[in-house]
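Hi,

Here is the structure I said I would pass on to you. Have a look at it first, and then read my notes below.

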Amino acid sequence: MEPINIVNSVIAPLDRKNVDTDQIISKEFLKRIERTGFGRFLFYHWRFDEQGNEISDFVLNKPEYKNSQILVAQDNFGCGSSREHAPWAILDYGFRVVIAPSFADIFHNNCFKNGILPIKLTETECDEILAKGLKAPYDVEVNLEAQTVTGNDGKVYSFNIDPYYKQMLLNGWDEISLTFQYEDQIRAFEEKRVVY
Amino acid sequence: MAKNIIEKIWDSHVVYQEAGKPDLLYIDLHLIHEVTSPQAFEGLRLAGRKVRRPDLCFATMDHNVPTKNLPTINDPIAKKQIMTLAENAKEFGIELADMGHPDQGIVHVIGPELGLTQPGKTIVCGDSHTSTHGAFGALAFGIGTSEVEHVLSTQTLWQTKPPTMEIRVNGKLGVGVAAKDIILAIIAKWGIGVGTGHIVEYTGEAIRNLTMEERMTICNMSIEAGAKAGLISPDQTTVDFLRGRRFAPKDENFEKAAKYWLSLASDEGCSYDVVLEIDADEIEPIVTWGTNPSMGTGVSKTVPTSSDFDSESDKSALQKALAYMGLEEGQPISSIEIQHVFIGSCTNSRLSDLRSAASIVEGKKVAPGVKAFVVPGSYSTKAAAEKEGLDKIFLEAGFEWRESGCSACLGMNEDIIPSGERCASTSNRNFEGRQGAGARTHLVSPAMAAAAAIEGHFVDVRKYVTQQV
Ligand code: SF4
């Protein structure tokens with residue numbers, strides 16, 4: 001997993017609530033057995049019309065946001081299905097950070113396993129960032145070590161993050177290798193586990 | 001100290017605990033299906049790892065499988081995914097209920113049917129509706145593919161203990177009102193984010209009175225309320241359901257297990273971080289009109305209007321949803337005409353669901369212009385229904401009777417609702433495009449779906465039920 005600490009980018013303002021994983025990656029793209037290559041299918045039915053042409057007024061299709069690495073949305077981002085294809089698509093498209101007032105649990109977990117930083121800011125802060133980003137391209141610097149998002153207007157937004165997941169992201173750790181260090185504890189647990 | 005069931009199960013599964021870290025939890029049962037597992041097995045292969053406890057895994061095929069003309073799969077990519085699971089199961093020594101196998105079915109239908117799902121277990125699956133298994137008093141939750149890989153290789157997961165929530169459903173449910181209506185009412189009342197970050201226990205008289213299949217419908221949709229998991233304390237209903245099932249303990253062991261299971265029920269006087277209450281007798285049959293499961297209302301009511309909402313973002317969500325759904329503000333729910341009826345999915349495809357729908361359609365005909373089909377949740381549900389002659393009732397009424405699988409719940413196979421057309425569906429998600437690009441989904445109970453099939457639009461199913469009594 002790619003370590004992550006500082007990300008400088010224009011934000012992509014996706015001004016929607018309850019963005020579900022069916023929208024992030026539609027079921028017709030779930031049949032692949034690889035982890036990669038999902039980026040071109042991200043938000044497919046919002047980005048493309050039925051003929052496969054770009055829908056020009058969808059935010060990600062606007063030239064000013066095309067190279068954004070930071071997606072900002074409203075409440076309850078990533079709700080719905082557990083499909084990890086959703087964070088895979090987000091990452092493969094080029095995003096490293098998603099900012100929202102709240103995230104659905106499984107999506108939130110999935111981000112950490114893939115080197116994506118999910119940042120929770122308050123609803124007011126997200127509204128403010130979205131408003132700025134919709135008015136004119138808004139560049140920010142995300143700093144995971146310092147737990148801040150700093151706008152090019154000087155505004156600093158601080159966020160909280162679980163220290164364990166912070167370390168994982170900063171170091172790009174593979175969780176399974178970490179868990180193998182607890183082999184003795186797992187074996188001991190299995191020995192006293194009651195099975196009827 | 002009095003503990004709730006969530007705390008009891010959690011505490012008894014902690015393998016390792018350290019301040020500042022999530023807990024390392026042991027996983028008792030890992031269910032696997034074809035869509036969320038290939039990348040996990042590939043990860044194992046690349047790292048040269050093996051499956052730690054193949055005996056605690058069970059795999060089936062459900063999301064992609066065709067529901068007619070078996071065993072042909074026309075879609076080559078779907079076929080590859082299905083074959084990949086078969087190869088992975090073989091390579092890693094995991095029991096698989098393959099297509100055409102008598103145990104095959106939707107993963108959340110077969111787990112309980114086979115008795116794999118038991119009280120007190122920690123159960124995971126790369127699927128958000130794993131919460132279904134909570135109906136047995138198990139701690140069951142959906143995980144992503146990286147976590148699937150983690151469980152395969154270590155049989156554990158790092159988990160931060162979530163806050164707990166009690167949703168108490170008081171009183172008695174009216175005649176013709178289903179378990180599906182309870183959970184849709186809960187989500188309509190408090191929204192799809194109400195449970196976010198929590199594990200929910202459903203309690204109260206109305207919940208106690210439910211059968212196991214009905215309890216599964218409730219726990220199934222916990223995820224639509226945003227919860228990580230939802231469960232119900234085990235009682236005699238739970239024990240009776242499990243007796244004699246293939247993977248349930250046998251003879252003396254069963255009695256011992258039953259005693260242990262009953263001891264897991266939440267203690268008198270235990271507490272929760274959040275408590276919500278709803279009265280069952282307030283609940284009427286519900287129809288969703290929008291593009292998330294909280295956008296639902298009683299069948300006797302109307303589609304909301306802008307003036308029903310205070311915030312701008314709610315008003316605009318209403319407009320977006322109505323535009324997608326092709327509905328007008330204030331339109332009566334009963335005036336919504338449907339073109340498709342889907343009875344199936346891990347929410348409502350069990351024998352009692354099929355019985356309830358069949359009791360409505362018996363001796364009647366599907367309305368002209370409506371295509372209706374039934375997709376039993378598992379091969380064995382299908383066989384049991386056929387033994388009772390339910391297939392004939394549906395076929396005579398003009399329904400199609402299909403093989404088991406997820407089918408039009410998410411339309412990964414060929415069972416897709418065409419753009420702009422409406423479906424009364426017993427599934428759990430009405431997101432944009434869920435049943436096909438541009439398809440319009442209305443979530444309802446099996447009886448409500450059946451009644452809509454007969455009349456061509458939504459009707460209050462209680463009218464049928466009282467007629468029968
Ligand atoms: S029936 Fe629907 S919700 Fe249930 S597991 Fe299958 S796709 Fe998921």
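**What I found**

Start inside chain B: B:Arg429 and B:Glu224 form a salt bridge, with their closest N and O atoms 2.8 Å apart. Keep in mind as you read that this is a predicted model.

Next, the domains. Chain B is assigned two of them, domain 1 (5-274) and domain 2 (295-468). Taken over C-alpha atoms, the centres of domain 1 and domain 2 of chain B are 25 Å apart. How many residues of each domain of chain B are in contact with the other? It's 39 residues of domain 1 and 39 residues of domain 2. Between them, these two domains of chain B bury about 3,000 Å², and 55% of that is on carbon and sulfur atoms. On the domain 1 side, B:Thr67, B:Ile106 and B:Lys180 lose the most area to domain 2 of chain B, together 21% of what that side buries. As for salt bridges across the interface of the two domains of chain B, the rule finds one.

Now the ligand. Where does the ligand sit? You'll find it in the largest cavity.

Finally, the two chains. An interface's size is often given as the accessible area lost when its parts come together. For chain B and chain A, the buried area is about 4,900 Å², with carbon and sulfur atoms giving 54% of it. B:Gln39, B:Arg52 and B:Trp158 supply 13% of the area that chain B buries against chain A, more than any other three residues. The contact takes in 72 residues from chain B and 52 residues from chain A. There are ten salt bridges between the two chains. In one of them, B:Arg52 pairs with A:Glu190, the closest N and O atoms being 2.9 Å apart.

Cheers!

Conventions
Residues numbered from 1 in each chain as written. Chains lettered and ligands numbered in written order. Predicted model: local features only at pLDDT ≥ 70, side-chain atom pairs only at ≥ 80, totals over all residues. Heavy atoms only, no water. 1 Å grid on protein atoms, 1.4 Å probe; cavity = no way out; pocket = protein on both sides within 12 Å on 5 of 7 lines; lining within 4 Å. Sits in = over half its atoms within 2 Å of the grid points. Contact = heavy atoms within 4.5 Å. Buried area = accessible area lost by both parts, 1.4 Å probe. Salt bridge = Lys/Arg side-chain N within 4 Å of Asp/Glu carboxyl O. Domains from an automatic or database assignment.
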